[in-house]
Amino acid sequence: MPWTEDQGVSFQLWVRGYPETSTTAVAYGKIKNQRKESIEILGFETDEFQRIEWHETQILDNRVKMKKQSFPIAIEPGITWEFKANGDHLMMMERVGKRTKEELNLTVKIKNLNDVRIIVPVLEP
Amino acid sequence: MKFFRLLFLIVFGFQCQKNLNLLSEIPLGGDFSYPDKKGINRDLSSFPEKTVVVFFGYTQCPDFCPNILSRLKKVTSSIAVSDQPKIVFLSLDPERDSPEVADKFASFYSPNAVGYSFDKNTTEKIMKQYAVYSEKNPDGVTIDHSTYLYVLDKNRKTRALLKSTDSEAHILSVLQEMGELK
């Protein structure tokens, strides 16, 4: 999957396909900070879901727990942050409008940088 | 706490048995028969499959629940069609999950899966039967819950508990062993 680079920050994100009845979805992938200083992610937005939260799935003692991470979230220079199944992920909540089957427009808000607009593919589950 | 003690003993016992490669009956889970939220009776004995895998979750779970269903799809695809288990997804979220939504969710991620949603009282009865933990988070959306997969034989007796963290090779070997049970 190709990376999208903007202002020294690279993104390789994808959304897992979800059923038409679902009001939530998940995005996985990577964000790489290639700048010389740390960046602070302030949030994510899309027209297709009311809100996007950064969650971490924790499995402890055979129980799954969802832990919400609070923005801003810093990524140090040279670090690649990975969103993956049963780990950190972007939880998209309260879908508005029709289900996206192919791609989704995502805006990433980063402190002191212009908003980054990327197109995120929707992949088969 | 009683549930967790019981669950611990069962899992501990199962782990001991696993080394002997035996799949003895576990006094937990098993068959049930209740009407779903639409009034359609649902049970586990009406499936023709020799093995049933029961899994609890909720449809607004975007990460863990689809991952489990997708892993089961991958694992079971390498089993002969005649020995493939039926996967039954039981909703822990009776307030938000309709039977239709639960079923579409399950079958979307795993074609050999069905999803059921019962009313609150019935859901609680089944959870008790399976010693399932579940707790809604303050965000009102996500639910913390236990992660076991319950493997039932043709008589719909529980024969194995699988952990979500078990390797696909282990899950496959248990399901293959189940397929060989008389």
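How many salt bridges are there between chain A and chain B?

1. The count between the two chains is two. Keep in mind that this is a predicted model. In one of these salt bridges, the side chain of Glu20(A) meets that of Lys104(B), at 3.5 Å from N to O. Polar contacts also cross the interface of chain A and chain B: the rule finds 14 residue pairs, with both residues at pLDDT 80 or more.

2. Next, what chain A brings to the contact. Strands β3 (25-33), β5 (49-60), β6 (63-69) and β9 (88-95) of chain A each supply at least two residues of the side that touches chain B. Sorted by type, the residues on that side of chain A come out as 12 nonpolar, 11 polar and seven charged.

3. Now the extent of the interface. Chain A puts 30 residues into the contact, and chain B puts in 30 residues as well. The area buried between chain A and chain B is about 2300 Å², and carbon and sulfur atoms give 55% of it. Which three residues supply more than any others of the area that chain A buries against chain B? They are Asn62(A), Arg63(A) and Val64(A), with 28% of that area.

4. Have a look at strand pairing across the interface too. β6(A) is joined by two bridges to strand β7 (residues 143-146) of chain B, and the two strands run antiparallel. Within this part of the model, Arg63(A) stands opposite Ser146(B), a residue of β7(B). Arg63(A) is also one of the three residues named above for the area chain A buries against chain B.

5. Two backbone details in chain A deserve a check by eye. Asp61(A) has a positive phi, about 50°, although it is not a glycine; you'll find Asp61(A) in the loop between β5 and β6 of chain A. The other detail is a cis peptide bond from Phe71(A) to Pro72(A), with omega near 0°. Pro72(A) sits in the loop between β6 and β7 (73-75) of chain A.

6. Over all chains, the salt bridge count comes to 17. Among them is the pair Glu53(A) and Lys68(A), whose closest N and O atoms are 3.5 Å apart.

7. On to chain B, which has an open sheet of five strands in the order β5-β4-β3-β8-β9, with mixed pairing. Why is one side of β5 (113-116) and of β9 (158-162) of chain B left without a neighbour in the sheet? These two strands stand at the edges and each has a single partner strand, so there is no neighbour on one side of each. On average, and ignoring direction, neighbouring strands of this sheet are turned by 25° against each other.

8. Inside that sheet, strand β3 (residues 52-57) and strand β4 (residues 86-91) of chain B pair in the parallel sense, over six bridges. There, Phe56(B) stands opposite Leu90(B) in β4(B). Helix α4 (residues 120-130) of chain B packs on the sheet and touches β3, β4 and β8 (149-152) of chain B, with its direction at about 120° to that of β3(B). Helix α5 (residues 168-180) of chain B lies across β3, β8 and β9 of chain B and runs at about 175° to β9(B).

Note on methods. Residues numbered from 1 in each chain as written. Chains lettered and ligands numbered in written order. Predicted model: local features only at pLDDT ≥ 70, side-chain atom pairs only at ≥ 80, totals over all residues. Heavy atoms only, no water. Contact = heavy atoms within 4.5 Å. Buried area = accessible area lost by both parts, 1.4 Å probe. Salt bridge = Lys/Arg side-chain N within 4 Å of Asp/Glu carboxyl O. Polar contact = N/O pair within 3.5 Å; in protein donor to acceptor, adjacent residues only side chain to side chain. Helix = DSSP H or I, 4+ residues; strand = E, 2+ residues; numbered from the N terminus. Nonpolar A, V, L, I, M, F, W, Y, C, P; charged D, E, K, R; others polar. Pairing = 2+ DSSP bridges. Axes fitted to C-alpha atoms, helices over the stretch in contact; angles between N-to-C directions.
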